[in-house]
Amino acid sequence: ALRLIARGQRRAGLSDLRDVATGEVPCTVPLTRLEAQLLVARVHAEDGDRYLAVTALREALTHVDALGALRPVVEVGGEPVVEVLREQRGGWGRHEDLVGEVLDRACGPVGPSVPLTDRESDVLRELPTMRTVEEIAESLVVSVNTVKTHLRSVYRKLGIASRRDAI
């Protein structure tokens, strides 16, 4: 179905997705059906058909609630589905709290509440290079302790605890 949609054969792809989404094609893994429902909603949202997107999302939200699976809504549905959820806020009935959780997850903090200084940004840009703190200090022409201080400040401002999280 995804291959058909990617090739521009959206109608054929949607037909295949609907078969899975409605349960006509049995799924061994319950998330497969949910993902198909979210993809149907996404395609309709991308095509500008809000009515069909909302209809598909209502069915998907029932499964999201039953499975406790918020992540697929954001990862599979993507921005088109999140946008429909946002636009229809207040109209999801018993799923309103669930939609709120999804939107919180999708629209979480975008950046630090306190902006990074120029030097903190310089240190942050060096982290993916996997250079040691000593090598970073040398390249920025500062002391090792200065780099460590900037790293602590970056981690605090970003609300993270490690270099890996920063990267």
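I started at the end of helix 2, which is followed by G23 with a positive phi near 95°. Helices here are DSSP runs of H or I with at least four residues, numbered from the N terminus.

This is a predicted model: local features need pLDDT of at least 70, side-chain atom pairs pLDDT 80 or more, while totals for chains, interfaces and linings use all residues. Residues are numbered from 1 along each chain as its sequence is written, and side-chain values use heavy atoms, without hydrogens or water.

**Helix 2**

Next I looked up burial (under 20% relative accessible area, 1.4 Å probe, protein chains only). G13, L14, L17, V20 and A21 are buried in helix 2. They fall within an arc of 115° seen down the axis, so they line one face of the helix. The arc uses directions from the helix axis to the C-beta atoms. Their cover includes helix 1 (2–6) and helix 3.

**Largest pocket**

I then took the largest pocket, about 160 Å³ in volume. A pocket is an open set of 1 Å grid points where a 1.4 Å probe fits, with protein on both sides within 12 Å along at least five of seven lines; lining residues have an atom within 4 Å of a point. The volume is the space filled by probe spheres set on the points.

The lining is R18, A21, T22, Q37, V40, H44, L52, T55, A56 and E59. Helix 2 (10–21), helix 3 (30–46) and helix 4 (50–67) each give two or more residues. Helix 4 gives the largest share, four residues.

Note on methods
Buried < 20%, exposed > 50% of the residue type's maximum accessible area, 1.4 Å probe, protein only. Contact = heavy atoms within 4.5 Å.
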